[in-house]
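Please open the model in your viewer and keep the selection tool at hand. The tour below moves from one selection to the next and says what is to be found at each stop.

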Amino acid sequence: MFHSKFNIQSFKIEIEMSQNKEILFGLYDDETYLMDAIRIANKEHLEIDDVYTPFPVHGLDHLLNLEESRLHIAGFVYGAMGTLTAFLFMSWVFTRDWPIIFGGKPYWSVPAFIPITFELTVLFCAIGMVVSYYTVNGLGPGVTIPTLHDRITDDKFCIAFQTNGASASDIGNLKEFLSKTGASLIDSKVI
Amino acid sequence: MSAVVSPIREPLITGSKTYHDITEDICRPTETAPGLMWTIAMAVSVAGLACFAFSVFWTVYFGIGTWNLNRTIGWGWDITNFVWWIGIGHAGTLISAILLLFRQKWRTGVNRAAEAMTIFAVICAGQFPLIHMGRIWLAFFIFPYPNTRGPLWVNFNSPLLWDVFAISTYFTVSILFWYTGLVPDFATLRDRSTGMRRKIYNFLSFGWTGSAKHWQRFESLSLILAGLATPLVLSVHTIVSFDFATSVIPGWHTTIFPPYFVAGAIFSGFAMVLTLMLIARKVLHLEDYITIEHVESMNKVILLTGSIVGTAYLTELFISWYSGYIYEQFAFFNRALGPYWWSYFGMMACNVLSPQIFWFKKYRRSIFVTFFMSIFINIGMWFERFVIIATTLARDYIPSSWSYYVPTWVEIGIFVGSIGLFFVLFLLFTRVAPVVAIAEVKSILKSSGDQYRGKNAMPHHSHHDDDHGHH
């Protein structure tokens with residue numbers, strides 16, 4: 001599903017894995033029709049390329065057998081990095097580099113380090129997770145991904161099949177599936 | 001939010017909306033020219049912003065002496081305003097983050113605007129620590145960067161520095177959280193526009209397509225950011241309270257400040273959200289999305305946090321007497337009966353007495369009463385910070401050092417101007433971005449729209465029960 005182009009000059013990476021994908025898609029008017037259609041597609045062992053919705057639909061991840069996101073693991077790691085950075089840095093500054101007596105407190109005043117340690121944990125975790133999120137999604141400022149239909153971000157729910165190299169009867173099969181499950185629009189597009 | 005909604009809940013979206021209606025209604029203010037009300041409001045706000053710029057210039061050029069800060073009164077309106085603005089900002093995070101964790105669907109009507117309010121309030125708040133430094137061109141000194149003066153580091157033990165990290169983190173995380181939710185909505189705007197407008201929203205929407213996998217990660221990210229933002233908002237205002245609590249001055253050196261400040265922040269923040277929302281829903285015709293249910297829920301939060309603040313005031317009074325410590329006893333005697341007695345009674349009336357009106361359902365659900373209350377509470381909370389700062393500093397340990405503080409035109413200009421800055425940002429926001437979270441409101445339509453719930457609900461077919469299950 002990676003079909004975006006990054007122009008990162010320094011890395012010279014062009015992720016163009018699915019250039020010229022032929023897509024046959026159907027638009028549904030309601031998420032309940034979409035869910036029923038996906039159940040039927042699963043029963044008939046049809047391979048869905050992707051599903052697009054205007055808002056997150058509950059139960060969809062389960063129906064599509066999407067793997068659970070591992071963002072929280074990344075978040076934990078980033079947060080831990082923040083904790084260590086803050087705590088070790090402050091400890092080094094006030095015990096090794098330039099120890100100063102503040103208000104008669106010991107050089108290594110751990111309670112005083114807690115607020116900044118906490119803040120940096122949250123900061124690293126949030127920034128790290130958000131950057132990771134956009135990276136794995138293939139999204140970012142300047143990224144343009146061709147969309148199938150303008151109403152998908154409005155009120156239509158879309159099931160998309162990839163039809164590169166499919167026979168006419170296969171395509172006919174898919175079209176029949178889409179119309180019998182109640183798609184209000186069936187179309188194809190090259191993206 | 002896949003929890004089943006109780007059948008006795010009132011609908012959160014009125015007007016029998018479809019998904020397309022939601023898109024149209026919320027996108028409309030960004031697609032049509034501004035009306036007279038917006039233009040007048042913007043003109044007044046720009047005038048305020050100009051006042052801010054001029055007063056800040058005067059301060060930086062002539063110095064902090066242009067404020068009436070004098071011996072023992074090191075902080076006046078500057079830190080009062082700082083704490084006031086930061087407190088206001090906390091409601092946005094609470095609505096987005098804490099109400100998400102509590103699965104309160106009503107947050108979807110107000111969270112986008114509340115988060116925007118948080119960001120703009122933090123921008124306004126951040127001006128004050130900067131300009132009160134005096135030598136603002138050396139502001140970067142507060143950050144620990146390697147330098148050739150030793151290297152000379154900042155004082156990590158000082159709450160003033162903890163503030164630097166707390167406010168910076170709070171600002172960054174708020175912007176990230178807000179923008180994450182805005183990306184799908186910008187995609188909606190993108191797909192409805194053409195030409196240059198489409199290019200701009202395409203850039204802003206980061207290429208969002210609505211793919212199921214992206215939504216899955218979106219929900220995961222939102223939940224974790226909410227989980228992060230919750231302790232963050234609690235810690236930020238706690239750290240702000242430490243600016244006072246870690247000192248030795250009677251009236252400041254008290255352990256009640258962290259919960260007192262946090263409750264007060266939520267209290268004043270919700271009042272500001274209500275002030276903004278009551279106007280916005282009228283002017284932008286969003287009454288079907290920001291309903292009386294939303295207003296009532298926010299009033300309940302105001303009643304709760306106002307009562308906590310009131311309890312904190314009474315606790316302070318009791319403890320100051322119970323401690324037997326003459327300086328602490330005097331500090332509170334002075335607040336109520338000293339030269340600033342009028343600010344103390346203003347604070348008590350606005351913060352403790354007036355929210356009690358919300359015990360009555362009739363007033364909780366009255367737009368008129370709510371609007372005036374929200375203004376009173378904002379004023380009352382400003383006075384609370386003023387009472388804490390100015391009255392305490394005016395009468396501390398040694399009577400020969402007692403003084404009195406009155407603001408100068410420069411400080412008044414900065415404060416009034418900061419309100420102008422805030423409204424300029426907010427009014428611009430209402431024109432370029434959707435004021436209500438489009439995708440989130442759509443996701444609660446089936447469970448909370450008035451054709452599915454409440455008095456006007458149509459009898460539903462079994463089809464519609466699918467919105468909560470895995471099958």
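Two strands are said to pair if DSSP finds at least two bridges between them, and the helices (H or I, at least four residues) and strands (E, at least two) named here are DSSP runs, numbered from the N terminus. This is a predicted model, in which local features need pLDDT of at least 70, side-chain atom pairs count only at pLDDT 80 or more, and totals for chains, interfaces and linings use all residues. Residues are numbered from 1 along each chain as its sequence is written, while chains are lettered from A and ligands numbered from 1 in the order in which they are written.

**The sheet of chain A**

Begin with the four strands of chain A that form an open sheet with antiparallel pairing, in the order S2-S3-S1-S4. Strand S2 (50–52) and strand S4 (185–190) of chain A stand at the edges, where each has a single partner strand, so one side of each is left without a neighbour in the sheet. Direction ignored, neighbouring strands of this sheet are turned by 25° against each other on average; axes here are lines fitted to C-alpha atoms, for helices over the stretch in contact, and angles run from 0 to 180 degrees between N-to-C directions.

Now select S2(A) together with strand S3 (residues 157–162) of chain A, which pair in the antiparallel sense over three bridges. Within this region, Tyr52(A) stands opposite Cys158(A) in S3(A).

Helix H1 (residues 31–43) of chain A lies across strand S1 (22–28), S2 and S3 of chain A and runs at about 30° to S3(A). Helix H5 (residues 168–180) of chain A lies across S1, S3 and S4 of chain A, running at about 15° to S1(A).

**Where chain A meets chain B**

Select helix H4 (residues 110–137) of chain A and helix H7 (residues 212–245) of chain B, whose axes come within 10 Å and cross at roughly 165°. That makes H4(A) roughly antiparallel to H7(B), since angles under 35 degrees count as roughly parallel, over 145 as roughly antiparallel, 65 to 115 as roughly perpendicular and the rest as oblique. Among the residues that meet here are Phe118(A) and Met129(A) in H4(A), and Leu221(B) and Leu228(B) in H7(B). The residues of this contact divide into 13 nonpolar, three polar and one charged, where Ala, Val, Leu, Ile, Met, Phe, Trp, Tyr, Cys and Pro count as nonpolar, Asp, Glu, Lys and Arg as charged, and the others, Gly among them, as polar.

**Within chain B**

Move on to helix H8 (residues 257–283) and helix H13 (residues 367–394) of chain B, whose axes come within 8 Å and cross at roughly 140°. That makes H8(B) oblique to H13(B). The contact of H8(B) with H13(B) has 10 nonpolar, six polar and one charged residues.

In the loop between helix H4 (107–131) and helix H5 (159–191) of chain B, find Pro151(B); the peptide bond from Gly150(B) to Pro151(B) is cis, with omega near 0°. Ser16(B), in the segment before helix H1 (19–31) of chain B, has a positive phi of about 50° although it is not a glycine. Thr72(B) is found in the loop between helix H2 (36–62) and helix H3 (77–101) of chain B, and its phi is near 70°, a positive value in a residue other than glycine.

Conventions: Contact = placed C-beta atoms within 7 Å.
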